[in-house]
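Hello,

Here is the structure I promised to pass on to you. Have a look at it first, and my notes follow below.

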Amino acid sequence: MNKKPEFHGSDLEKIAEYYHIPKDDIVRFGANVNPLGLSDSVKKQLAAHLDIISSYPDRNYTSLKQAIADYCGASPTHIAVGNGSTELISLLISQRHAQKALVLGPTYSEYERELALTGGIITHYNLKESDDFILNVKDFLGTLDENIDLVILCNPNNPTSSAIHTGDMEKILSYCKKRDIFVMIDETYVEFAPDVSEITAVPLTDKYDNVMVIRGVSKFFAAPGLRFGYGITSNRAFLDALLTHQNPWSLNSVGAYAGELMLKDTAYIQKTRELICSERERLLKKLRKMPHLKTYEPYANFILVRILTPGVTSFDVFEAAIKEKMMIRDCSSFASLEGEYVRFCIMMPEENNRLVNVLGT
């Protein structure tokens, strides 16, 4: 009997080799990256200013922090920048050194990997399919026992694409503040939300000092190779400790300069939001007409789908798509996601149509 291959995440090279498909021919529905690619304006300006690599970046990243502040509506004194959101997640977890952390799942595995390095206890609160993966805030808060000192949330969440609205997030922060619990909120996908102001916790960082919001440019600005991320918190003591333990010039000159360009590129930002919002709505209408699939309200640039046909697995659907040169995410590797699920991001309209045709069969 042939054993099915095991792929993890966007394992492009391994998948291309196994199915004998040139990797450049594969549409990456599993990567969750803006299909518009890097902004042409940013490309041109970067190319014209490559001499910046001959100088160290400003050690305090003053200009970049101001650009972030203007973009997010935050104070520049509350901002840390880093070598991707991954570095800031690692620094936050190492500096908080939680004795007992709670992670909202199913979610990105990197949080648990970083927590494991600190030696603390890791516990989970899993979103329920019966609630369409919408967080029951009252029930969630009831699980925060007195030993928990760190809560980790991805909002909008990966892979469910569900989101905690700002009003509910404030309830969480207020409850945690009273119990001396620090909250990390990963907002990697928040800029794709239909209404960012309804989801983002950045405005709450002025009111609550037990929270840090972390973002990056990998997904929305299609720049995963740039390795530029930033965090926002009003907790001065924590921010100072984080910066003390961060390597100097963690973000290189190109990253700092490109980051400013991206956050000021209003035409690209608007074009992206128009594409994702319109295609997300159009795709949902088509998918909801398919009785063999169940969809959930998405707030990110990807959609989670449950396969309802008996005997059809997530790998079966993954394989049907890859044979048509489209790579979606088989979600069987996500802990606590019980059932058969696939996840795919929103690409250009013609590519989305191709995928819908495969999912409809």
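Let me start with a loop: Pro106 sits in the loop between β3 and α5. Please keep in mind that this is a predicted model. The peptide bond that leads from Gly105 into Pro106 is cis, with omega near -5 degrees.

There is another cis bond to look at, between Asn158 and Pro159, where omega is about 20 degrees. Pro159 belongs to the loop between β5 (150-154) and α7 (166-178). One further backbone detail concerns Asp180, a residue other than glycine whose phi is positive, near 60 degrees. You will find Asp180 in the loop between α7 and β6 (182-186). I list these because most residues other than glycine have a negative phi, and most peptide bonds are trans.

Next, the open space. The largest pocket has a volume of about 850 Å³, and 38 residues line it. Which of them lie nearest its centre? They are Tyr108, Ser109, Asn158, Tyr189 and Lys219. As for elements, α4 (84-96), β3 (100-105), α5 (110-118) and β4 (121-126) each supply at least two residues of the pocket lining. By class, that lining comprises 14 nonpolar, 17 polar and seven charged residues.

How many cavities of 30 Å³ or more does the structure hold? There are two.

- The largest cavity has a volume of about 40 Å³. Its lining is made up of Leu104, Leu127, Phe133, Leu135, Cys154, Asn155, Asn157, Ser162, Ala163 and Ile164. Seven of these residues are nonpolar and three are polar, with no charged residues.
- The second largest cavity holds about 30 Å³ of space. Around it are Phe29, Leu283, Leu287, Phe344, Asn352, Leu355, Val356 and Leu359. Both α10 (266-287) and α12 (349-359) supply at least two residues of this lining, and the largest share, four residues, comes from α12. The lining has seven nonpolar residues, one polar and no charged.

Finally, two helix pairs. Two packed helices are described by the angle between their axes and the distance between the axes.

The crossing of α3 past α9 is left-handed. On the α3 side, Ser63, Leu64, Ala67, Ile68 and Tyr71 meet Ala256, Gly259, Glu260 and Leu263 of α9. The contact between α3 and α9 has six nonpolar residues, two polar and one charged.

In the other pair, α4 packs on helix α8 (residues 236-245) at an angle of about 115 degrees, with the axes 10 Å apart. The two helices α4 and α8 are therefore roughly perpendicular to each other. Here α4 passes α8 in a right-handed crossing. The α4 residues Leu88, Leu91, Leu92, Gln95 and Arg96 meet Phe238, Ala241, Leu242 and His245 in α8. Sorted by class, this contact of α4 with α8 has six nonpolar, two polar and one charged residues. Besides packing on α8, α4 also supplies at least two residues of the lining of the largest pocket.

Enjoy looking around, and do write back with your thoughts.

Best wishes

Methods
Residues numbered from 1 in each chain as written. Predicted model: local features only at pLDDT ≥ 70, side-chain atom pairs only at ≥ 80, totals over all residues. Heavy atoms only, no water. Left-handed = near helix turned anticlockwise from the far one by under 90°. Contact = heavy atoms within 4.5 Å. Nonpolar A, V, L, I, M, F, W, Y, C, P; charged D, E, K, R; others polar. 1 Å grid on protein atoms, 1.4 Å probe; cavity = no way out; pocket = protein on both sides within 12 Å on 5 of 7 lines; lining within 4 Å. Points joined across faces, edges and corners; volume = space filled by probe spheres on them. Axes fitted to C-alpha atoms, helices over the stretch in contact; angles between N-to-C directions. Parallel < 35°, antiparallel > 145°, perpendicular 65-115°, else oblique.
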